[in-house]
Amino acid sequence: MITAERKPLEEILALIEPYDRILLVGCNECVTVCAAGGRKEVALLSSALQMARMKEGKTLDTVETTLERQCDPEYVEELVASIDRADAVLSMACGCGVQEVAKRFKEKPVFPAVNTKFMGASERQGVWAERCQGCGDCLLGLTGGICPIARCSKRLLNGPCGGSSNGKCEINPDVDCAWQLIWDRLKALGLESRYEDIAPPKDWRTSRDGGPRRIIREDLAS
Amino acid sequence: MKTESRLEKVLASGNLAVTSECGPPRGAVPEKVKEKAELLRGAVDGINVTDNQTAVVRMSSLAACILIAQMGLDPILQMVTRDRNRLAMQSDILGAYAHGIHTMLCLSGDHPQFGDHPMAANVYDLDSIQLIQVVRAMRDEGKFQGGDDILNPPKMFIGAAANPFADPFELRVARLAKKVKAGVDFIQTQCIYNLDKFERWMEGVRDRGLHEQVYILAGITPMKSAGMAKYMKNRVPGMDVPDEVVKRLSGVPKEKQAEEGIRMAVEDMQRLKEVEGVSGFHIMAIEWEQKVPEIVERAGLLPRPVV
């Protein structure tokens with residue numbers, strides 16, 4: 001999933017400072033799962049913002065709504081019903097959702113209430129960790145199902161570096177050394193000999209380096 | 001001979017080679033580079049010039065290498081893949097060769113988090129093994145990584161680092177094998193304090209015949225004090241300093257600890273000389289370059305061979 005974290009309240013208040021009527025929009029997908037911008041977080045943020053305004057002797061009207069998928073124009077269209085009741089939109093979706101809303105309602109300022117973080121998975125209750133960088137040319141089949149691009153601090157394709165210590169990365173003892181994990185997994189699979197295959201310089205064109213990316217499926221495109 | 005590198009000639013002649021290193025200054029001060037390099041004249045076969053070591057900005061390795069080459073000495077261009085992409089690295093290699101630099105060291109580099117610009121973008125377009133491949137293809141095939149032909153290809157004698165003390169230990173020989181496969185010519189190891197463990201690693205190296213395919217220079221860093229030994233033991237990632245080293249230094253009065261550190265370095269070199277597959281030494285005397293000639297002499301490695 002795409003993970004996100006809510007911005008500090010002060011930053012959000014500063015963003016919406018000139019506006020008295022806010023449409024606060026959550027998303028039912030990834031940000032709900034990582035507890036950053038679902039229905040519940042929308043309600044919490046709404047009250048927090050109103051209380052903060054009240055402390056300053058001012059008011060804030062908020063309209064709360066949570067879309068099924070904010071990155072999908074079909075669902076963003078549902079905002080038509082409430083958009084006129086707001087001077088600005090505060091989106092609790094990932095950056096994709098924020099941009100969909102901005103694209104649909106050109107005359108309304110749209111602000112992000114969360115920082116979009118990474119594509120990751122839940123490690124345990126309340127902890128999420130990065131797993132994929134979307135490089136566009138998956139090599140997990142060669143690395144025992146562990147991604148060195150997302151999980152090695154130096155994204156080494158032929159690791160580990162000299163800073164691997166007791167299975168941990170030199171940058172932080174809480175970070176696993178991805179290459180220790182890869183090695184352990186290759187061993188468990190009986191594929192140690194794979195380790196000595198050199199991964200050649202990567203073609204980063206399939207990643208962000210090739211410019212903004214699109215997928216066009218001729219069989220589906222209208 | 002693959003290159004004009006003085007280091008290659010010394011190693012090919014069968015002599016034990018000696019290299020050392022200089023960290024460039026944190027400012028546009030060419031005199032500092034020259035001062036440090038001058039201290040090593042006649043004592044070594046090559047001078048590594050670090051590339052933004054510990055991710056701290058310094059004068060570029062290439063610029064400092066040129067200054068050293070102009071003094072008639074033999075710089076070794078260190079290149080980390082952290083700061084520049086493959087275009088920048090290949091153009092610097094052309095520039096280095098154009099200035100008479102024939103030896104280089106391919107590294108991944110310390111993570112920016114350890115340096116003075118922890119907020120910097122982390123490039124890693126290539127890793128150290130891929131950089132070795134690129135430099136070798138430039139030399140042996142006359143090709144850029146992108147596939148085009150090079151006009152007057154740069155002939156670099158290619159080095160890399162190895163840390164026999166990092167984890168997982170069982171992978172450390174395999175990792176060297178990978179560097180050999182990529183085309184490395186010589187290796188400079190991490191500072192050796194745990195000689196037993198280093199010898200175990202060398203056994204693994206010999207078992208696979210790797211010592212016959214690559215020259216291995218054993219890394220030596222003399223301890224200046226017991227405090228330094230404790231710091232290296234506890235704070236420097238990938239460093240293996242046994243308790244006995246700290247104990248021996250702590251056992252002598254403070255003002256004699258530096259001399260004890262030099263004595264230990266010389267003793268280690270005498271023992272390592274006997275290890276089959278060790279082709280020389282890389283002496284990293286951190287901000288202590290003036291001691292290098294003495295260490296080389298006491299280890300019985302002066303004068304340096306004329307090649």
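**Figure 1. The two domains of chain A in the predicted model.** In this predicted model, the C-alpha centres of domain 1 and domain 2 of chain A are separated by 37 Å. The domain assignment places residues 2-118 of chain A in domain 1, and residues 136-210 of chain A in domain 2.

**Figure 2. The open, three-stranded sheet of chain A.** The strands of this sheet follow the order β1-β6-β7 in chain A, and their pairing is antiparallel. Its edges are formed by β1 (2-6) and β7 (127-132) of chain A, each of which pairs on one side only, and from one strand to the next the twist averages 70°. Between β1(A) and strand β6 of chain A, the latter spanning residues 114-124, there are five bridges, and these two strands run antiparallel. A:Ala4 has A:Thr116 opposite it, in β6(A).

**Figure 3. The barrel of chain B.** Eight strands of chain B, arranged in the order β1-β2-β3-β4-β5-β6-β7-β8, close into a barrel with parallel pairing. When direction is ignored, neighbouring strands of this sheet are turned against each other by 30° on average. A closer look at one pair shows strand β7 (residues 215-220) and strand β8 (residues 278-283) of chain B running parallel and joined by five bridges, while B:Ala218 has B:Phe281, in β8(B), as its bridge partner.

**Figure 4. Helix α3 of chain B against two strands.** Helix α3, which comprises residues 61-70 of chain B, lies across β2 (46-49) and β3 (75-80) of chain B. Relative to β3(B), helix α3 of chain B runs at about 175°.

**Figure 5. The overall build of chain B.** Chain B contains 11 helices and eight strands. Its radius of gyration is 19 Å, close to the 19 Å that the globule rule gives for 307 residues, so chain B is as compact as a globular protein of that length. Along the principal axes, the C-alpha atoms of chain B fill a box of roughly 60 × 45 × 45 Å, and 52% of the 307 residues of chain B count as buried. Of the contacts in chain B that link residues at least 6 apart in sequence, 80% join residues at least 24 apart.

**Figure 6. The contact between chain A and chain B.** Here 23 residues of chain A are in contact with 27 residues of chain B. On the side of chain A that touches chain B, the residues divide by class into 10 nonpolar, nine polar and four charged.

Technical notes: Residues numbered from 1 in each chain as written. Chains lettered and ligands numbered in written order. Predicted model: local features only at pLDDT ≥ 70, side-chain atom pairs only at ≥ 80, totals over all residues. Pairing = 2+ DSSP bridges. Helix = DSSP H or I, 4+ residues; strand = E, 2+ residues; numbered from the N terminus. Axes fitted to C-alpha atoms, helices over the stretch in contact; angles between N-to-C directions. Contact = placed C-beta atoms within 7 Å. Nonpolar A, V, L, I, M, F, W, Y, C, P; charged D, E, K, R; others polar. Domains from an automatic or database assignment. Rg over C-alpha atoms; globule rule 2.2 N^0.38 Å. Buried ≥ 20, exposed ≤ 12 C-beta atoms within 10 Å, placed from the backbone.
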